[in-house]
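Please look over the sequence and the model shown here before reading on.

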Amino acid sequence: MSREQLVVERTRKAFLTGSTKPLKFRIQQLQCLLRFITERRKDIADAVHKDLYKSEHGTELFETLGLEGDIQLAIEKVWEWAAPRPVEKTLLTISDEVYIRPEPLGVVLIIGAWNYPWAVTLKPLVGAIAAGNAAVIKPSEISSHSAKLMEDLLPLYLDKDLYPVVTGGVTETQELLKQRFDHIFYTGNCTVGKLVMQAAAQHLTPVSLELGGKSPCFIDKNCDLNVACRRITWGKFVNCGQTCIAPDYILCEASIQSRVVEEIRKCIKEFYTEDPKTFKDYGRIVNQRHFRRVVALMEGSTVALGGDRDESQCYIAPTVLKDVTGTSTVMTEEIFGPVLPIITVSGLDEAIGFINEREKPLVVYVFSHDKKLIRRVITETSSGALLANDCLVHATVSALPFGGVGNSGMGCYQGRHGFDRLSHLRSCLIKKLNMEAVNSMRYPPHTAKKMGWVRFFLFNQVSVCRLRRMALLTLVTVVAGTVWLKYFTSNCRNTLSDTGGRSV
Amino acid sequence: METQIQVIDRLRESFRRGISKPEQFRREQLNSLISMIRDNEELFLKAVHKDLNKPKFEAIMSEMDILFNEAHYALSNLKTWMQPEYVGKNMATKLDDCFVRREPLGVVLIIGAWNYPVNLTLIPMVGAIAAGNCVIIKPSEVSAATESLIAELVPKYLSQECYAVIRGGPEETKALLKNRFDHIFYTGSQTVARSIMQAASVHLTPVTLELGGKCPTFIYGKVDFKAAAQRLVWAKFFNSGQSCVAPDYLLCSRATQDALVPAIIEALKKFYGEDPQTTPDLTRMVTLKHWNRVMEQLKSSKGKIVVGGESNQEEKYIAPTVVVDITADDSLMDQEIFGPVLPILTFESLQEGIDFVNTKEKPLALYVYSDESSVVRKVLEETSSGGFCSNDGIIHMAIPTLPFGGVGVSGSGSYHGRWSFETFSHRRACMMRGWALERLNSLRYPPYDENKLSWLRWTTSPKSSCNIL
């Protein structure tokens, strides 16, 4: 038996003891997870620095801050999320209990990614724990320091049988995927995403795939370019462009291309100094393979700013390419690096056409003051999310579902969405054995009269809520009418007495 | 005649042009679907009668009226469902608009099943139309008469630009699945579902799988046997047990079994008469292959038949049959019966019964009959299933506000009512930020420092979304 098989079996055994069902237990585990993040902040920052050259503040800002918020939200809300959810009843079920019961799925596999090794691996874990599941956590081996730290330290805080960490590369992941899970949550690229889904098909395991794609960013020529470019520069070069929701490329009219380049140049200087290579808050490409990949993508395009690189450090300067076309090398795949191509279009129509010719991205960005223009982008494109006039920040709103569509993924998470995604929403109809006489209309031998009754009771559109609303409306009307009448009649009486009884 | 690829391309072009998206169009199509059934009610009744010997009552209740109900429900609620859903924000995003928009997916494929050939093909279609998609439906070829009727009528009533019927058997379905869809909705068996999910993985197509399994029924504690028997018999032998949510087998104590069996026999007599083969109110097995499958299971059983057992191959008839003295390894416990045979397993305690059920795969539905609410609660809390119903059977399917779907190998995803709309929609997170307060944004720009970070901790915390403003 392989190590992976053993781990999964042990996790399932632990789940079957039922210990994850009580909400108190789930909250306690979430509190332990929070303690882990806060107590080991330094260790986590060190690991991320080694993996991605991210500064300590950068790690807190982009990894642990959001994670802490998620955990706190889950701790606060799990009682509400896990409670039975009554639904609108029909006439025939008026005396029954009809509700949805969120239940744990079982053992969830979470395959993390390397770009935000903590956020992207542990955020789904928050949902898994809150929903009462056990989880096998497989951090990405590419962010090896973070993976090692997670493997060493997480078992000191969380129940190690219920939430084991399994490290390893491709072979170990493939072995894990042969095992049976109740849900697989994968963050990464499309190619592996397909393999994950294929493996899941063997066991009919549902999957959540958080993938990526080329997220376009349209800039309206009439917008405040200074503000737009600040926000875009920040969104693009955070984590050296290695963000699934980074603006991948810009679409704008030719008349503003130079200005856009200049504004971005100013922002890069402001954010990352004249020499980003020596600046603590500018990261690195995760490894040489990805470094070479990103450098190769720049081939054939004109560098408008940046372009410097150093393979020994996996450093690529914040780079902007101009006059890029749809067939340029840089447009053949998601860049996932600090290279920002600008493609000029004749206007919004061409931009929308350009976006729609391609796979649905994880996010579409649009910068404009014109609400009508933004509305057109919303209604005429499709993407995981749409953010107008900024980058990345939609991911901080826990009430918004975070996920893709089409090639950018399936399923969503964050906040309650993560809880629901990793729960089974079980339909419950609780009836009693009384009132059996009512049921006789549905039993054979069938008659036309019985059919009439069934049609009325079973399929009547009048719902209990509507009945209540109608009753309330009637009551309000009656009360209002009574009050008005009283007021009107007393007024009349007063008027008549004022005028000595003469009619007015 | 168009090839499959031509049909798909045509629908994709229609979707690209936005034909299926406007609310008015969706309403028109839903109304046309209602007219299609209403205008041709007799033809539909004839078709399901030909396929399954389905009595008019069953057909109207479980095929036509339930479809009308869904379509009307969608029409009544469509405006609300299509509205953007505004959501709560944190302090940093307080002045922004955050909402979730339900958007159509594109071209979706619905593969129907034969046991409720109208219901299981067209109810998902209601959701797909309501959600603004273009839809290809592939009715089951096993229920051939209904397949033929659907293929003839859908193009006459619904927009041919946006909706199409593709016919065929396993080979045609295999070829169809090579194409790319934006969602695949399948009702049927676990084996086929695996190939469907595999085919879907090539294109990263999300799937909804409505499968089956052996739905257990517990009868424990104090019970009104007459009422329980009637409800159980109705649920089991409706459509001759060919329902994905039919109670597959019973679990009870020996004493309960002794009290229950006579009540079941009485209910059977009351419903189907002395000779069920002569009543018009009992369907038949859909094909000889399925008749053989169930007969084989029955013949190989080591249990004792207490009622029924008669059959007629020519008519594909199997009498409502109850078998006792069933052990866990009996042939009737091998696979989903999907026929009018009800095995009873005895476990003296409820706990033993629950433990037994939990060794098996999670079923699509799980039932318990008891006058004691503690028994009902225990079963609910200690088992898992797609849906749960106490003191009745299959009727939870008719409530549009409950999500209908499985868990584990009984399926993934759900539908009915709003759940259908959600299944065939993409929930797109939208955020409209303002241009003002750029100075506030500088908190997040590099160079990073502790001061900026502490402000950000406060503004983005979920606690700070309390309503100070």
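The model is a predicted one, in which local features need pLDDT of at least 70 and side-chain atom pairs count only at pLDDT 80 or more, while totals for chains, interfaces and linings use all residues. Residues are numbered from 1 along each chain as its sequence is written, chains are lettered from A and ligands numbered from 1 in the order in which they are written, and side-chain values use heavy atoms, with hydrogens and water left out.

The contact between the chains (heavy atoms within 4.5 Å) takes 110 residues from chain B and 114 residues from chain A. The size of an interface is often given as the accessible area lost when the parts come together. Here the buried area, meaning the accessible area (1.4 Å probe) that two parts lose on being put together, summed over both, is about 9300 Å² between chain B and chain A, and carbon and sulfur atoms give 60% of that area. Of the area that chain B buries against chain A, B:Leu204, B:Trp435 and B:Tyr448 supply 11%, more than any other three residues.

Which kinds of polar pairing occur between chain B and chain A? There are 50 residue pairs in polar contact, both residues being at pLDDT 80 or more; a polar contact is a pair of N or O atoms within 3.5 Å, where within protein one must be able to donate a hydrogen and the other to accept it, and residues adjacent in sequence count only if both atoms are side-chain atoms. Helix α4 (residues 56-82) of chain B gives nine residues, the largest share of the side of chain B that touches chain A. Helices (H or I, at least four residues) and strands (E, at least two) are DSSP runs, numbered from the N terminus.

Across the interface of chain B and chain A there are also eleven salt bridges, each a side-chain nitrogen of Lys or Arg within 4 Å of a carboxyl oxygen of Asp or Glu. One of them joins B:Arg444 to A:Asp390, with the closest N and O atoms 2.6 Å apart. B:Arg444 lies in the loop between α15 (438-441) and α16 (450-459) of chain B, and A:Asp390 in the loop between β15 (385-388) and β16 (402-403) of chain A, so the pair joins two chains. B:Arg444 is buried at 6% relative accessibility and A:Asp390 is buried at 0%, where buried means under 20% relative accessible area, exposed over 50%, and partly exposed in between (1.4 Å probe, protein chains only).

B:Glu438 forms a salt bridge with A:Arg230, the closest N and O atoms being 3.1 Å apart, and a network of salt bridges links A:Arg230, A:Arg231, A:Glu270 and B:Glu438.

Helix α3 (residues 41-52) of chain B has twelve residues and reaches 16 Å from its first C-alpha to its last, close to the 16 Å expected at 1.5 Å a residue, the expected span being 1.5 Å times one less than the number of residues. Its buried residues are B:Glu41, B:Phe44, B:Leu45, B:Ala47, B:Val48, B:Asp51 and B:Leu52. They cover an arc of only 160° around the axis, which puts them on the same side of α3(B); the arc is that of the directions from the helix axis to the C-beta atoms. The exposed residues B:Glu42, B:Lys46 and B:Lys50 are carried by the face of α3(B) turned away from its buried side. After α3(B) comes B:Asn53, whose phi is positive, near 55°.
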